[in-house]
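Good morning, colleagues. I should like to take a few minutes to go through one model with you, and I ask you to keep it in view while I speak.

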Amino acid sequence: MSYSEKTRTTYQGVLQGLKDAGLFKQERFIHSPQAADIEVEFPSGATVRKVINMCANNYLGLSSHPEVVKAAHKGMDERGYGMSSVRFICGTQDIHRTLEEKVTEFLGTEDTILFPSCMDANAGVFEAILTKDDVMISDRLVHASLIDGIRLCSAMQDTYKHADMAHLEQKLEMHQDRRHRLVITDGVFSMDGDTAPLDKMSELCEKYDAMILVDDSHASGFIGKTGRGTHEKYGVVGKMDVITTTFGKALGGATGGCVSGRRELVEMCRQKARPYLFSNSIAPVVVEGILKVFEILMASTERRDKLEKNAAYWRKGLQEAGFVLKEGDTPIVPVMLFNAKLAGDFSRALYDEGIYAVGFFFPVVPQSQARIRTQISAGHEIHHLDKALEAFIKVGKKFDILGKTRQEIIDRFGM
Amino acid sequence: MADELKDIVLKYVIAEYLEDGADPITYDTPLISGGIVDSFSMVSLKRFLENKYKISIPDDQATPEAFDSVDKIAVLVRKFTQA
């Protein structure tokens, strides 16, 4: 053993530093299935309370859907609990390939490969398909998992200003001497809830001979008129060279992710992507659950339609109440508070009113951009949204921020 | 004292990296250690300098330290233009 007191003290000091800086994260224990109504123990040891969940990625309300749960049971009964293998040794069941084909059909791509998570998909895809002769040009606000994947790749790295097409064009022009260019973006940006203009990006990529990769984790299942994703919203289905997405949010919310896109690029991942080659297959129980999710979504758009209506209702309610919101038309509705302490206090006051919504501040979002990120679900009924709105207004009045501008809030609470 | 090279670099850095409404920067503002330019975005600055001044900066000299301010970048560029 070499975990000396000196070593322990070092780590204790680092953790204390996080606490002192107000950056120490604490988990809340949920004692119920994921849903609009949940039972939460917070802080640890406190009495369990029934609250309305306003911050889950459970966009379509499928995380605890009875048909999905039943399908998962079937997967467990028929195919067992785990595979005890990576895919290419003895970890591929027929249902894994069935799911890959189903995702391909749903997203309108050429082929798909499953990963243990979208974090793994993003960690593996770049190094599998690019070399040092290529360049990756990414939006400056892409998700952390894309950033990590880019870091693991030997290709040249560059960025463009968030959703700035003129800047992207400059970069594409500048990098014409590279073998391949890959433009990288989120479909829906998770912190702000805005979307990448994939139609314009697609045009630029054609003009400058570049591939495009979109991470649609906060879009698959509900963005676009049949929920195929951001590429459907912008009318460019079939034009995305790579889509990465997760099954851990709208698509059942369990685990798993994928790379879907051009046949050769998917095959390159199957041959070379390290998180695919060196981690276990998705468990059969999860595969069957996801297959049921796709069956539900391909039979009807009812759930994404309800989500769209709920999100519009919620956004309008907050706007009319006088909150400062980030512009957008997705189910991610950030309520801007700018000051980190205010965001934390606001979240706590909401919890006292029976509403569970977490505050986000630096380094998750830029300095002085602290917020409560609300996320709407098809699992919400209007009475949930009305109760949440009532609580937001009550707490908004308590802190006297309703009808106040960004500057007025900053003047009062600081950056 | 006015310095044409530094002014060109400063202008590029402002246009390329600063968001609207950001605090103004000067020749000695820390760019990378100050969080204005991240390591991903450094490549465009390197390529800009190489194209503009017809030089080639080896990767082992294009370090975050060497790119950390307009002053330091000017030193680096002059080293190669005078070589």
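I shall speak about the domains of chain A, then a helix pair, then a helix of chain B, and finally some backbone details.

Please bear in mind throughout that this is a predicted model.

Let me begin with the domains. The domain assignment divides chain A into domain 1, residues 30–59 together with 302–413, and domain 2, residues 66–299. Their centres, taken over C-alpha atoms, are separated by 28 Å. Where they touch, domain 1 of chain A contributes 16 residues and domain 2 of chain A contributes 15. On the domain 1 side, helix H13 (302–321) and strand E11 (332–338) of chain A each supply at least two residues. E11(A) gives the most to that side, with 3 residues. By class, the domain 1 side divides into 7 nonpolar, 5 polar and 4 charged residues.

I turn now to the helix pair. Helix H5 (residues 118–129) and helix H10 (residues 263–272) of chain A pack at an angle of about 105 degrees, and their axes are 9 Å apart. H5(A) is therefore roughly perpendicular to H10(A). Gly124(A), Val125(A), Ala128(A) and Ile129(A) from H5(A) meet Leu265(A), Met268(A), Cys269(A) and Lys272(A) from H10(A). This contact has 6 nonpolar, 1 polar and 1 charged residues.

Next, chain B. Which residues of H2(B) are buried? They are Met42(B), Val43(B), Ser44(B), Leu45(B), Lys46(B) and Leu49(B). These buried residues pack against strand E6 (156–160) and helix H7 (165–174) of chain A, together with helix H1 (4–17) and helix H3 (70–81) of chain B. As for length, the 12 residues of H2(B), 42–53, should span 16 Å at 1.5 Å a residue, and the end C-alpha atoms are 17 Å apart, which agrees.

Finally, the backbone. Most residues other than glycine have a negative phi, and most peptide bonds are trans. Just after H2(B), Lys54(B) takes a positive phi of about 50 degrees. Lys54(B) lies in the loop between H2 and H3 of chain B. With 9 other C-beta atoms within 10 Å, Lys54(B) is exposed.

In chain A, phi of Asp400(A) is also positive, near 55 degrees. Asp400(A) is in the loop between helix H15 (382–398) and helix H16 (406–413) of chain A. Is Asp400(A) buried or exposed? Asp400(A) has 11 other C-beta atoms within 10 Å and is therefore exposed.

One peptide bond also deserves mention. From Phe42(A) to Pro43(A) the bond is cis, with omega near -5 degrees. Pro43(A) lies in the loop between strand E2 (37–41) and strand E3 (49–53) of chain A.

Key. Residues numbered from 1 in each chain as written. Chains lettered and ligands numbered in written order. Predicted model: local features only at pLDDT ≥ 70, side-chain atom pairs only at ≥ 80, totals over all residues. Axes fitted to C-alpha atoms, helices over the stretch in contact; angles between N-to-C directions. Helix = DSSP H or I, 4+ residues; strand = E, 2+ residues; numbered from the N terminus. Parallel < 35°, antiparallel > 145°, perpendicular 65-115°, else oblique. Contact = placed C-beta atoms within 7 Å. Nonpolar A, V, L, I, M, F, W, Y, C, P; charged D, E, K, R; others polar. Expected span 1.5 Å × (residues − 1). Buried ≥ 20, exposed ≤ 12 C-beta atoms within 10 Å, placed from the backbone. Domains from an automatic or database assignment.
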